[in-house]
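This briefing is intended for a reader who has the sequence and the coordinates at hand. Please consult both while reading the points below.

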Amino acid sequence: MTVHVATHRKPRQRSLSGSTARTAATLALAGAATATGFGGTGQAAPQLTPEQVRAKVDRLYQEAETATEKYDGAKEKADAAGKRLRTLGDEAARGQARLNAARDTLGSIAAAQYRDGGIDPTVQFLLSTDPRHYLEGAALAERAGVRQNAAVAGVRQELRKLDRLRSAARTELGSLRSRQAELRRQKKTITAKLDEARRLLARLTPRQRTAIGEDGAAQRASRSAAGAAREALAAPRSAPAPTSRAAAAVAYAYAKLGSPYVWGATGPDAFDCSGLVQAAYRAAGIALPRTTYAQIGAGHRVSRSQLRPGDLVFFYSGVSHVGIYVGGGQMIHAPNPSAPVRLAPVDQMPFAGATRVA
């Protein structure tokens, strides 16, 4: 009689090899990928709707404009530091010429003394390459004659002036380099924001871009002058500008409808938001600061209910955008790289304040 005693034993595990092993590895990797996807880092980014793309692009444009205003402010300060540095350089050159003339006077004194039998030690020291230490000597004036004393005083005065100029120049150079570094940082930020906005828009079809009002900067900025004129004629003008200068600024803004937005630009063919405002009032004979942050303090504040054509209207909590009010609840502004200078409702963006400068 045969007894089967092996039925309770564990079956032997077969080793995986060949196609079976490859199949198992594939399943394991797929499972890991699925687990990672649900866990977070490996999950594919959700597909944004056109409306979500529009909202994200608008936010990127706003952030880029904030960086643009900082860039404009840093550029203004860098330009001023460069101008001061050039002025100091010119002053130093003139001072060096005066120093050379004073030392020439001492040289003539030295020549006369040599002919008379010797050179005064004071003159020898002043004609040396570094007379500063000797000039501090208290007995200097006592050892010099009247003419020589005047020449020595002239050398000392010019040396001190040059020292002050060179010290000031070093300070300005440090300021200039700091501003230039800030310019590079803000330019990098602006470029990154605009590049990201372009990448998002590139994912949409032409129909989707049209549906969300994003036709593309090139297409919209290249519209005809006739189209811009029609837009200007259709704009309501419910009240006249309070002054001739405000009227001139408004007229300038209307003339620039359709001009492209370019960050950092102040005209005459392209603008950013504060650049348009500055250019409009420059044409009207009023010098305004370069940035929105400074422009809001350039005149006297007015409430929204008191707006008159020519007033500057500011937006967002950081006061990072500005337009020129033209009446009828409308303004002319340079919106962002996706749109040219255009008319828009004042209530299109979060209102931050208004200023009357003329």
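Two residues are in contact when heavy atoms of theirs lie within 4.5 Å. With that cut-off, Gly275 touches Ala265, Thr266 and Arg290, not counting residues up to four places away in sequence. The model is a predicted one. Its protein chain has 358 residues, of which 37% count as buried, and its secondary structure comes to eleven helices and six strands.

**Overall fold**

- Among contacts between residues at least 6 apart in sequence, 66% join residues that are at least 24 apart.
- The protein chain has an accessible surface of about 20,400 Å², and carbon and sulfur atoms account for 54% of that area.

**Helix 10 and Gly275**

- Helix 10 covers residues 273-283 and is mostly covered, with nine of its eleven residues buried.
- The buried residues of helix 10 are Cys273, Ser274, Gly275, Leu276, Val277, Gln278, Ala279, Ala280 and Tyr281.
- Gly275 belongs to this helix and has a relative accessibility of 0%; it therefore counts as buried, the cut-off being under 20%.
- Although Gly275 and Glu69 are 206 residues apart along the chain, their C-alpha atoms are separated by 9.7 Å.
- Helix 10 is followed by Gly285, which has a positive phi, near 90°.

**Helix 9 and Val250**

- In helix 9, the buried residues are Ala246, Ala249, Val250, Tyr252, Ala253 and Tyr254.
- An α-helix has 3.6 residues a turn, so residues three or four places apart point the same way.
- Val250 lies in helix 9, which runs over residues 244-255, and is buried because its relative accessible area is 9%, under the 20% cut-off.
- Beyond residues up to four places away in sequence, Val250 touches Pro309, Gly310, Ile324, Tyr325 and Val326.
- Val250 and Met331 are 81 residues apart in sequence, and their C-alpha atoms are 9.5 Å apart in space.

**Helix 5 and Glu172**

- Glu172 has its place in helix 5.
- With a relative accessible area of 15%, Glu172 is buried.
- Apart from its neighbours within four places in sequence, Glu172 is in contact with Ala81, Arg84, Leu85 and Leu88.

**Largest cavity and Thr68**

- The structure holds one cavity of 30 Å³ or more, and the volume of the largest cavity is about 40 Å³.
- The lining of the largest cavity consists of Tyr61, Ala64, Glu65, Thr68, Ile190, Leu194, Tyr261, Trp263, Asn336 and Pro337.
- By class, this cavity lining has seven nonpolar, two polar and one charged residues.
- Helix 2 (50-115) and helix 5 (146-202) each supply at least two residues of the cavity lining, and helix 2 gives the most, with four residues.
- Thr68, one of the lining residues of the largest cavity, lies in helix 2.
- Thr68 is buried, with a relative accessible area of 2%.
- Leaving aside neighbours within four places in sequence, Thr68 is in contact with Ile190, Tyr261, Trp263, Gly264 and Asp272.

**Largest pocket**

- The largest pocket holds about 380 Å³ of space.
- This pocket is lined by 18 residues, and those closest to its centre are Asp58, Pro335, Asn336, Gln348 and Met349.
- Helix 2 gives the most to the lining of the largest pocket, with five residues.
- By class, the pocket lining has six nonpolar, seven polar and five charged residues.

Conventions. Residues numbered from 1 in each chain as written. Predicted model: local features only at pLDDT ≥ 70, side-chain atom pairs only at ≥ 80, totals over all residues. Heavy atoms only, no water. Buried < 20%, exposed > 50% of the residue type's maximum accessible area, 1.4 Å probe, protein only. Areas by Shrake-Rupley, 256 points an atom, 1.4 Å probe, with all protein chains shown as cover. 1 Å grid on protein atoms, 1.4 Å probe; cavity = no way out; pocket = protein on both sides within 12 Å on 5 of 7 lines; lining within 4 Å. Points joined across faces, edges and corners; volume = space filled by probe spheres on them. Nonpolar A, V, L, I, M, F, W, Y, C, P; charged D, E, K, R; others polar.
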